[in-house]
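Okay, thanks for coming, everyone. Let me put the structure up and then talk you through how the chains sit together.

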Protein chains: 2
Amino acid sequence: MRCQKCHQKVVIKISRANAKYCKACFIGYFEHQVRRAITKERMFSPEDRILVAVSGGKDSLALWQVLIQAGYQTAALHIDLGIERYSESSSEKVVQFAARHGQKVYTHRLKEAHQLGIVELSGELDRPPCSACGVIKRYQFNRFAMENGYTVVATGHNLDDEAARLLGNVLRWQNEYLLKQSPVLEKNEEGFVKKVKPLYRLSEYEVAAYSFLNGIDYVVEECPMSESSPMLVYKKALNLIEHQSPGTKQQFYLSFLDNQKKSPLPPSTMALHSCPACGQPTSSEVCGYCKIMSRLPGPAQKVGGPSLT
Amino acid sequence: MRCQKCHQKVVIKISRANAKYCKACFIGYFEHQVRRAITKERMFSPEDRILVAVSGGKDSLALWQVLIQAGYQTAALHIDLGIERYSESSSEKVVQFAARHGQKVYTHRLKEAHQLGIVELSGELDRPPCSACGVIKRYQFNRFAMENGYTVVATGHNLDDEAARLLGNVLRWQNEYLLKQSPVLEKNEEGFVKKVKPLYRLSEYEVAAYSFLNGIDYVVEECPMSESSPMLVYKKALNLIEHQSPGTKQQFYLSFLDNQKKSPLPPSTMALHSCPACGQPTSSEVCGYCKIMSRLPGPAQKVGGPSLT
């Protein structure tokens, strides 16, 4: 089978686009999709200082690589969740990647900050690990970017992530969350930095293929906590449908975005103010992060910031 | 384990409602849900003449039984799809049920009308069988009701059917179809009879249990054509999610209906007129049914109406 662009040997078939590419043309296609996302959605320009949220997985490292190669100013923030072997391996991949590309990575270690990893921390809070993890990551990425002059936070969420999240929000018809379901969340004066998802047009499979073909050394193992995550079930459900009707995920998410542009949902009526405990923006009395922290036993409450590794 | 209402022995647990019932209390719960649907959604009153669309499966026969027991004026219309053993068995169940309850059933036989069953017919049309079947059924039910003075057509669609259909429509963001996603479609002057789905609050599992506990003799086998139907994949996908989060289907569909009441989608702009070939209402030049029929070979085009069995 031959590449549809250059007639070299095919390495990948993309059912949803009815396309087949050789290695070079696939990498070209992938990087074109990322550039298209960045320009179409006005994510950032070469003047921006971009903080890339990296976990050590394929998505965030593939994103970082594309941004470095395109000449953007980047540094990364990694959250070490303190899950034994998984977190050690993840941190190692991140540090090695940064060193290979001569880039800076900052690490926030939950065990250093709280003497607890995410498993023990969510146990203390009686909250699912993925939920506590989400609050901590969103908080640390935003706070670190604001305090250190980064103008944009970029995350590696791909099409599968966004479609699964949209499905979860649609199943509950949660308008407040649907409003935030965008590849770009603009900064606001109350203290939220701009957030972007340049891989939103690319499937999980395509990101994995890109990482593999580029020799990116990422942590292959999924986070062991994610096994019971609702997101994983939404992904399985969508994969069932995608298998029968290729292109469903893409149509589901991209049509949602198009409709949002044409006839947006009514804007949020939530008023933001500064959290009295930490100064970060929140719509509640105290922000979600400080609420979590206040429920931890005394010594675990200490808030530690990221350190340069 | 004891029934939550009367402490008799439990026969069924309903995870989504966190409920467990004995036989009598489950039947009471089931019939209460149907009555609630009928009154809450103003589906019909004892003065209405109701045409029940019966396939011979558990849903339509359970619906018919509840309506007969509640004293409504009913008759049924059955479409014999001409699928060998499956259709023979389905027709037999329908006729036996009608005889046992002293009710009238009319049958429209595709093989008598067109010399073709649904399999051969969809082959001639190069169209998936479920799609051709849907057009034919909707047409025949509406036309027969209009021509014979029935004021309402009632179908046995349950919560799983409606949630799966909603998922399919949401995955494509098809507003025209989302507008029709209601347990009641009012009659209109252009020639559509009122259509209602009194089982929309009850899951497939609950309808099966009700039919079993009432000794309703229904065709257990699924239509052999439905194996490749997208609806079946949507149901599988929703079942995956329901298994992890009981109540998801109910919340998905019932919240959609609530939102529709609070802030409806913009109304359809499609204008209806009479099909020049048959007089039935349509938004196209010729109605979907006549379009299908005109593509069949000459002798198959003949339109036969239902006959009293």
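I'll start with housekeeping, then symmetry, then the interface, then one leucine.

So, this is a predicted model: local features need pLDDT of at least 70, side-chain atom pairs count only at pLDDT 80 or more, and totals for chains, interfaces and linings use all residues. Residues are numbered from 1 along each chain as its sequence is written, and chains are lettered from A and ligands numbered from 1 in the order in which they are written.

Symmetry, then. Chain A goes onto chain B with a rotation of 180° and 0.0 Å of shift along the axis, at an RMSD of 0.0 Å, fitting by least squares on C-alpha atoms of residues with pLDDT of at least 70 in both copies. The two copies are therefore related as by a two-fold rotation axis. In chain A, A237(A) has the C-alpha nearest that axis, 2.2 Å away.

What about the contact? Chain A puts in 19 residues and chain B puts in 19 residues, where contact means C-beta atoms, placed from the backbone, within 7 Å. On the chain A side, α7 (159-171), α10 (230-244) and α11 (248-262) each supply at least two residues, and α10(A) gives the most, with 8 residues. Helices here are DSSP runs of H or I, at least four residues, numbered from the N terminus. And 100% of chain A's interface residues are also interface residues in chain B, so the copies meet through the same surface.

Last one: L254(B) sits in helix α11 (residues 248-262) of chain B. Its C-alpha is 14 Å from that of P264(B), 10 residues apart in sequence.

Definitions and conventions
Contact = placed C-beta atoms within 7 Å.
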